[in-house]
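This briefing covers backbone geometry and surface charge. Please look over the sequence and structure before reading the points.

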Amino acid sequence: MKVRRKIIQIDEERCTGCGQCVIACAEGAIKIIDGKAKVISDNLCDGLGACIGECPENALHIIEREAEAFDEEAVEKHLEMLQDQPQPETLACGCPSTQVQTLAVETPCQAANRPVATTSASSALSNWPVQIHLVPPTAPFLKGAHLLVAADCVPVAFPRFQGELLPGKTVMIGCPKFDDRKSYVEKFSQIFKTAGIKSITCVRMEVPCCSGLPMILKDAMQSAGVDIPMDEMVISARGEVLEKSGK
């Protein structure tokens, strides 16, 4: 039966198919189809808008229109069906994995027993995704994490990034020049409010456009009402450590 009620509307022109809303929707009402997020059935959407805050493109809005009434029983059946289905490996937009993942890091013993023919070093990366916009504040790997926030040029410029900075940390990378500063502050504020972050290491490049990264994190801490120990590093274009300071 159709009733007039609040429901999510998705602006396809703004949507990039990143999949953040899919992760945030507890009812499984949103799916990426042909590279765009879509509400697959009106009766699965409760219209409360939990997905809205996760959209980096402001493509989701709550509107009021005639729609099928929200059906909790249909949601339960739908979620059971999703659990039984194999998870797709890629998003429609081509991004690897629709799922937030905690990655197993190779132990020294495993490295010693690795066949000689394979690569001589393994990655210290322990979480996926890594882009700031794509990491949901509810990601399990954020809970109690030592957070490494790096400008996305740092891993390219700093040769010791994998060996010295990444081990034991959850990493998030982004560009404070090209990305939206306000959305960064809001994302980190949500994380700081709920995840119990133990420490932050902020690593940026020497260029002026990168200098805003530590301020974003400080503003987010102020917004969240928390005080988290933060170390800061500045890397040169030649991969040298120019500055290093701790709180």
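The model is predicted: local features need pLDDT of at least 70, side-chain atom pairs count only at pLDDT 80 or more, and totals for chains, interfaces and linings use all residues. Residues are numbered from 1 along each chain as its sequence is written, and side-chain values use heavy atoms, leaving out hydrogens and water.

**Backbone geometry**

- Most residues other than glycine have a negative phi, and most peptide bonds are trans.
- Asp 34, which is not a glycine, has a positive phi of about 55°; Asp 34 lies in the loop between β2 (30–33) and β3 (36–39). Strands are DSSP runs of E with at least two residues, helices are runs of H or I with at least four, and both are numbered from the N terminus.
- Asp 34 is exposed, at 74% relative accessible area (exposed means over 50%, buried under 20%, partly exposed in between, with a 1.4 Å probe and protein chains only).
- Asn 58, also not a glycine, has a positive phi of about 55° and is found in the loop between β3 and β4.
- The relative accessible area of Asn 58 is 43%, so Asn 58 is partly exposed.
- The peptide bond from Trp 128 to Pro 129 is cis, with omega near 5°.
- Pro 129 is in the loop between β6 (127–128) and β7 (146–151).

**Asp 71**

- Asp 71 sits in the loop between β4 (60–68) and α2 (72–84).
- Asp 71 counts as partly exposed because its relative accessibility is 31%.
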